[in-house]
Amino acid sequence: MEKGKKSGSGRGYISWNDDMDKALLDTFVEYYNKGDRCQNGWKSHVYTAAIKNVREKCNVEITKDNIMSRNKTFDKHHTIINGMLETSGFGWDWNKNKISVDSDSVWEAYVAIADCYQPL
């Protein structure tokens, strides 16, 4: 089994790719639809299933910590996307499955505001 690309301090960081994300999200959706989520996140057997699914489909060595870290990244992305969709000038393109922007000026205004909130 191939080890995920590691970088940084060697704490088990791996680089995720689209296939890995799909395998993980497929597992999360399956178990979400079954109601296997608790107040503070996923039940432990969901992590076990996610590890197994990503390993089998992507042939990478992955841990629960990797799954939990990626889930935090998904949560951050969800927050950003929700914020955009609540902003005038943004919408969802159901045919392309992605965010749509009414104009370049809407995007430029959004980026200018977002830059103000970036930590220094």
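The model is predicted.

**Helix 1: length and ends**

Helix 1 covers residues 18–34. Its 17 residues, at 1.5 Å a residue, should span 24 Å. The end C-alpha atoms lie 24 Å apart, which agrees. N17 caps the N-terminal end: one of its side-chain oxygens sits 3.0 Å from the backbone nitrogen of D19. Just after the helix comes G35, with a positive phi of about 85°.

**Two faces**

Which residues of helix 1 are buried, and which exposed residues sit on the face turned away from them? The table sorts them.

| Face of helix 1 | Residues |
|---|---|
| Buried | M20, D21, A23, L24, T27, F28, Y31 |
| Turned away from the buried side, exposed | D18, D19, K22, N33 |

Viewed down the helix axis, the buried residues fall within an arc of 165°, so they line one face of helix 1. An α-helix has 3.6 residues a turn, so residues three or four places apart point the same way. The cover over the buried residues includes strand 3 (41–42), helix 2 (44–58), strand 4 (60–61) and helix 3 (64–85).

**R70**

R70 belongs to helix 3, and helix 3 is among the elements covering the buried residues of helix 1. Is R70 buried or exposed? Its relative accessibility is 16%, under the 20% cut-off, so R70 counts as buried. D21 and L24 are among the buried residues of helix 1.

Technical notes
Residues numbered from 1 in each chain as written. Predicted model: local features only at pLDDT ≥ 70, side-chain atom pairs only at ≥ 80, totals over all residues. Heavy atoms only, no water. Helix = DSSP H or I, 4+ residues; strand = E, 2+ residues; numbered from the N terminus. Expected span 1.5 Å × (residues − 1). Buried < 20%, exposed > 50% of the residue type's maximum accessible area, 1.4 Å probe, protein only. Arc of directions from axis to C-beta. Contact = heavy atoms within 4.5 Å. Polar contact = N/O pair within 3.5 Å; in protein donor to acceptor, adjacent residues only side chain to side chain.
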